[in-house]
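Please read the points below with the structure open beside you, and look up each residue as it is named.

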Amino acid sequence: MALKLDWTGRKELERLARVRWQCYGAKEGDLDAFTRRSDQGRFVDGDVCIASDNGMDVGTATSLSLNMQVRGKRIACQGVAWVGTSKSHRRRAAGEKGVASQVMDALLQKARDRKQPVTALMPFRASFYEHFGYGIAERQQIWTIPIAVLNGGADTQWRFGSSSDKSAMLACRNRQSSVGQCDVETSPAAMDEWFNSLTSDSQLFVDDRDGKIVAYCWIKTIVENEKTIAQLAQPAWESLEGLRSIFSLLASFRDQYTAARVVLPVDLPINWWLRERQIPHRLVEHAAPAVKSITRMQIRVLDHVAFMDGQRLLRSANRKVTVAVRECEGTVSNFTLDLTGDAIRATPVTPTSMDADVEMSDVVWASIASGDLRASTANALGLTDICTPDAVAALDVLGDGPAPFCYEYF
């Protein structure tokens, strides 16, 4: 089944809403909601792929132009969103590529055409996207914290936010992303989207100090097991002091909420800020935090030299490592990383010019390059083929620094 692939966008919102509804909707009445949501997106004309079969729209996906911060380097990034196949076309004949696979092939080519060295997505099923070279690049911890164990403070800088705060909020958010690992910058269009989507069911709070917003969050009220929970949506802070200020704000809500819920990177042990630091290993009767670990974002590196060159290191490995990455298309990418000094120097090599020190799949390399998976751990798990014994130890330098985490969502 060879599909016709149209690249379109806001000029065909009605068509886009309908095909998204065919992919994700549950009932006829959902179409209006998909129409409203499609009109709020941050995409532009040329970002949306709609696949059709004999004149019938059967699949879609969106290619966003974003920027990702990786070890102090700002990198053009494709954000893949809304990948879907119409419920009428979920099956394919033996030997044929399915709708979603053909759409994904088109999206990867779009990223290459736009010279975006990395592509990222939040998968519905990670194993599906591994077929296209995407590896896990982010782990999250979902904290549910009883208000009773939060430490309050005398902070009086919080106030309700409004649309007039957008520019100051955007500045705060991008100060946060600039020091992150695999964090995607929030664009003005994305900030507009959050205001449009969150205002109807949450309240915005900003920590405004001398005209500068140092933290903000939307707070949504949810009810679980007859308990009221304050759930943070799209929070941002420019430093850990800003996050602590958010916790202080939440502590003042003890009369309205039983608990607070916030999603954080795996390397933030915030239980050390709580009155009860225990995360119980068994049923307890006292108030204590609970945490659930999940994975979310996947990335694929499309241009290894453009992605790695110029990234900053926290320590020097004093080693040049030649890496061979087996791409899902059947080719092999070869490049050398000079890990001497405080910056990475990346250069391409031909397969015959130098034997590789390390060889692995594109899926594994994505997790190592992002810092989510240490090279020595990957080797111990049997995920790499090693040619030179000390190469793995040298690549472990990529695992230094903050855990990869994306505060943006797309």
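**Notes on cysteines, rings and charges**

1. The structure holds zero disulfides, a disulfide being a pair of cysteine sulfur atoms within 2.5 Å. Cysteine 23 is in no disulfide, and the nearest cysteine sulfur, which belongs to cysteine 49, is 11 Å away. With a relative accessibility of 4%, cysteine 23 counts as buried, whereas cysteine 387, at 51%, counts as exposed. Here buried means under 20% relative accessible area, exposed means over 50%, and partly exposed lies in between (1.4 Å probe, protein chains only).

2. Please keep in mind that this is a predicted model, in which local features need pLDDT of at least 70 and side-chain atom pairs count only at pLDDT 80 or more, while totals for chains, interfaces and linings use all residues. Residues are numbered from 1 along each chain as its sequence is written, and side-chain values use heavy atoms, with hydrogens and water left out.

3. A search of the whole structure finds 16 aromatic pairs. Rings of Phe, Tyr and Trp (its six-membered ring) pair if their centres lie within 6.5 Å, and planes under 30 degrees apart count as stacked, over 60 as edge-to-face and the rest as tilted. The rings of phenylalanine 205 and phenylalanine 253 have centres 5.8 Å apart and planes at 50 degrees, so this pair is tilted. Because phenylalanine 205 lies in strand β10 (residues 203-209) and phenylalanine 253 in the loop between α7 (240-251) and β13 (259-265), the pair ties together parts that are 48 residues apart in sequence. Helices (H or I, at least four residues) and strands (E, at least two) are DSSP runs, numbered from the N terminus. Both phenylalanine 205 and phenylalanine 253 are buried.

4. The rings of tryptophan 237 and tyrosine 407 have centres 5.3 Å apart and planes at 85 degrees, so this pair is edge-to-face. The pair links distant parts of the chain, with tryptophan 237 in strand β12 (residues 227-237) and tyrosine 407 in the segment after α11 (391-395), 170 residues apart. Tryptophan 237 counts as buried at 4% relative accessibility, and tyrosine 407 counts as buried at 17%.

5. One aromatic cluster is formed by Phe124, Phe128, Tyr129, Phe132 and Tyr134.

6. Arginine 10 lies over the face of phenylalanine 43, at 4.7 Å from the ring centre, and the charged end of arginine 20 sits over the ring of tryptophan 82, 4.1 Å from its centre. A charge sits over a ring if NZ of Lys or CZ of Arg is within 6 Å of the ring centre and within 35 degrees of the ring normal.
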